[in-house]
Amino acid sequence: MLFKILSKDSFRELIGLLLDANEVVGPRIVSRKPDGKPIYQFLPIERFEDLSLDHDKTEYSAKTYFLPFKEDLSSFSFEGGDWEQHIRYRIQPRAIVGLHACDINALVKLDKVLLKGEFPSPYYLSRRQNTFVIGMDHDPCENGFCASVGADIVSHGFDLFLTDLGDRYFVAIDSDWGFRVVSSVAIREVTEDDREEYMRVRNRIAAGFKTKVNVRNLPTLLDLEFESPVWKRWGDKCLSCGSCAAVCPTCYCYGIEERVSMDFSRSVKTRRLYSCNLFDFAMVAGGHNFRPTRGSRLKYRYYHQHRGFTETYAEPMCVGCNRCGDACLAGINPPDVIADLEEEAAR
Ligand code: SF4
Ligand code: SF4
C-alpha cells in the first residue's frame, strides 16, 4: 500500500474530475429525525457541495450499487422455432465516495461469496470492477460495534482511503486505478509530522468506541444455545418485515422469479434480494415451511451472520454497523440479542 498527502482543495478538484466523466455517489442528507439529527443515504451527487462527508452512518448501506434489490438477470425470446438469450452487465464506471471502513469490509465479505465463492456472480463482478471506491475514516458512530468484529479498520477492497488530518488528508492507495486517479491532482509525500498526526487521529478513533459486543466465543455459544428461550423472546417481538436484511451491507440472500408471456414468446428472469425473517423464506414446494415461527427465522439470521459464515470464512459476516438495529421498529439489535444470549448461557 502507498501513502500520500492530499490537500482539501486537491480532494475537491479530484471529485470534480471524477464528476466530469463518471456517475459519483456519496452520502447526502435526505431528511431529519424528530430530534433534528440528519438522515443520510448514499445517492448520486452533481457537485462536491452535495456531499456530507461528516456523516456518521447512512440509513441504507451502499450494497444496492453492487447488489441491487431487483435485477433482471436475463431475458429470453422465442421466434421461428429458435430462441435467444439476452444478458446485460452494468459496465458504466461509477465512483462511490465516503464509504466507511465497515462498509468496505462488507464489500470484501461480499467479494468472498460473490466473486471467490463456488458460484461467482458476473453481475456483481461487473459492478465491483467498474466502481472506484474512496473510503473515509470517521469517529465511531453512536451504536456501531465494528471494532468488536474487527471491521473498524480496512486494509484492502478500496482504491483510496482518506483520513482527515484537519487541513489535509492522509491517503492510503490500494490499486493502480487509485494511484492514477489521485496522481491527476497535486499530492505530496508523507512527512514525519503527517505520520504522527495520522497516528494521533487513529488512536482517538480507536478509543472512541462505546458499544462493545463480545463475539470471541460466539459461534460456540450459538451452538450451545440453539434451543435457548432467547430466540422465542426476541422472535415474539419480530414483525417479520425484513427491514434488517434490506439495510444490512452484507445480507445477500435472494430469490429468483421468472415471468413468461402468455404466448410463451418471451420471458424475463429476475433476482430480488430477500430476507430470512420473511415468513416464506424457508417455504418449499408443497407448502411446508422449515422456519414457520418468527423466533426460528430470527435465529437463522444470527446463525448465518455469526456462525455459518464464520465456519466457512473464519470471520463473522456482520461488520457491526448496527443499521439493522436502527431500522428495526421492534427494537431488535445485535448488541442486546447477543448480550441476552450470553446472560442466558451464564444462567
Ligand atoms: S428483526 Fe426487526 S427489522 Fe428484522 S424482520 Fe424482525 S422486526 Fe423487521
Ligand atoms: S447484521 Fe446488522 S450490524 Fe451486522 S452488518 Fe448487518 S446491519 Fe450491520
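Start with strand E2, residues 23-32: E2 and E3 pair in the antiparallel sense over seven bridges. This is a predicted model, so treat each stop as a feature of that prediction. Within the pair, select glycine 26; its bridge partner in E3 is leucine 43. Now follow the chain from one strand to the other. E2 and E3 form a hairpin, with five residues between them. Glycine 36 sits in that turn and has a positive phi of about 90°.

**Isoleucine 39**

Stay on strand E3 and pick isoleucine 39. Leaving aside neighbours within four places in sequence, isoleucine 39 is in contact with Val30, Ser31, Arg32, Lys33 and Glu59.

Next, take strand E1 (residues 2-7) and strand E9 (residues 168-173). These two run antiparallel and are joined by six bridges. At one position, serine 7 stands opposite arginine 168 in E9.

**Tyrosine 169**

Keep E9 on screen and select tyrosine 169, which lies in that strand. Tyrosine 169 counts as buried because it has 26 C-beta neighbours inside 10 Å, and the cut-off for buried is 20 or more. Show its contacts, not counting residues up to four places away in sequence: Leu6, Phe11, Leu162, Thr163 and Asp164.

**The core**

Now select the largest nonpolar core, 74 residues in total. Ile96, Cys146, Leu160, Val171 and Val319 touch the most other members. Colour helix H2 (residues 101-114) as well: it gives the core its largest share, seven residues. Domain 1 and domain 2 both contribute residues, so the core lies between them. In soluble globular proteins, nonpolar side chains tend to be buried together.

Zoom in on leucine 160. Beyond four places in sequence, leucine 160 touches Ile134, Val171, Ile173, Gly178 and Val182.

**Two domains**

Colour by domain. The domain assignment gives domain 1 as 2-67 + 89-207, and domain 2 as 218-264 + 271-346. Taken over C-alpha atoms, their centres are 28 Å apart. At the contact, 22 residues of domain 1 meet 17 residues of domain 2. What is the side of domain 1 that touches domain 2 made of? Its residues divide into eleven nonpolar, five polar and six charged.

**The ligands**

Select ligand 1 and the 14 residues around it. Cys238, Cys241, Cys244, Asn277 and Cys328 come nearest. By class, this shell has ten nonpolar, four polar and no charged residues.

Finish at ligand 2, with 13 residues around it. Cys248, Cys318, Cys321, Arg323 and Cys324 come nearest. The shell here has eight nonpolar, four polar and one charged residues.

Definitions and conventions:
Residues numbered from 1 in each chain as written. Chains lettered and ligands numbered in written order. Predicted model: local features only at pLDDT ≥ 70, side-chain atom pairs only at ≥ 80, totals over all residues. Near = placed C-beta within 6 Å. Nonpolar A, V, L, I, M, F, W, Y, C, P; charged D, E, K, R; others polar. Pairing = 2+ DSSP bridges. Helix = DSSP H or I, 4+ residues; strand = E, 2+ residues; numbered from the N terminus. Domains from an automatic or database assignment. Contact = placed C-beta atoms within 7 Å. Buried ≥ 20, exposed ≤ 12 C-beta atoms within 10 Å, placed from the backbone. Core = buried A, V, L, I, M, F, W, Y, C linked by C-beta atoms within 7 Å.
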